[in-house]
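Here is a short briefing to read alongside the structure.

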Amino acid sequence: MNRLAPTRLHDEHVVLEPLSLDHVPALEAAAADGELWNLWFTSAPAPGQARGYVEKALQGQADGLMLPFAVRETSSGEIVGTTRYYDYVADLPRLAIGYTWYAKRWQKSHLNTACKRLLLQHAFETLDCVAVEFHTDHRNLDSQRAIERLGAQREGVLRAHKRRPDGSLRDTVCYSILAGEWPDVQRWLGLRLQRLSQAPAITAAD
């Protein structure tokens, strides 16, 4: 049985809802905050492309390889972005967290830490994953720093691994957190989230 069943994850900061076509208008609006489709390192859909973006994610879910979420910020009640599990390997199990983007006003806030804590907790404590991976473009230094702040360890670089939306080749930097590392990472994320949630949001790209 596919263990990547749609599920709702939440805490006092954020709700991760199973992605559906009902989220398309809200995701269009979230991506418009900062015109995220113009950023070479993001997967955010361009205007008019959110429906296709969601349909592709749901196909990955139907194939048992992905579990996509819409991100709802609790204080405003708004859908502010999306994230997902992907590259699921059931026999270990192991998966990656990515395809993450947020409306510009929520970047560099507590939101990303809250989302990652929920996703990591579910992966290790419910799905019994042995490891969780993170992948990012080697040119996206902000993303690499954000992943390292989560407590993930850098594994290496896969050269000429994927094509960017503009067709150019990207090298992918790979990180991971092992199940045995999760208790320490969980404590660190709790402390970081407490500090970030008390600070004003910064709107630079995360």
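Val89 counts as partly exposed because its relative accessible area is 34%, and this residue is found in strand S4 (residues 79-89). Please keep in mind that this is a predicted model.

**Largest pocket**
- The volume of the largest pocket is about 1300 Å³.
- Its lining has 44 residues, and Phe41, Thr42, Ser43, Tyr99 and Thr100 are the closest to the pocket centre.
- By type, the lining splits into 22 nonpolar, 12 polar and 10 charged residues.
- Strand S5 gives the largest share of that lining, with 6 residues.
- Elements that each supply at least two lining residues include helix H2 (50-62), S4 and helix H3 (111-125).

**Salt bridges**
- The count comes to 10 salt bridges.
- In helix H2, Arg51 and Glu55 sit 4 residues apart, about one turn, and their closest N and O atoms are 3.2 Å apart in a salt bridge.
- Both partners are partly exposed, Glu55 at 38% relative accessibility and Arg51 at 45%.
- Arg145 and Asp142 form a salt bridge at 2.5 Å, N to O; they are about one helical turn apart because 3 residues separate them in helix H4.
- Arg187 pairs with Asp184 at 2.2 Å, N to O, and these two lie 3 residues apart in helix H5 (residues 182-196).
- Arg187 is exposed at 52% relative accessibility, and Asp184 is exposed at 52%.

Conventions. Residues numbered from 1 in each chain as written. Predicted model: local features only at pLDDT ≥ 70, side-chain atom pairs only at ≥ 80, totals over all residues. Heavy atoms only, no water. Buried < 20%, exposed > 50% of the residue type's maximum accessible area, 1.4 Å probe, protein only. 1 Å grid on protein atoms, 1.4 Å probe; cavity = no way out; pocket = protein on both sides within 12 Å on 5 of 7 lines; lining within 4 Å. Points joined across faces, edges and corners; volume = space filled by probe spheres on them. Nonpolar A, V, L, I, M, F, W, Y, C, P; charged D, E, K, R; others polar. Salt bridge = Lys/Arg side-chain N within 4 Å of Asp/Glu carboxyl O.
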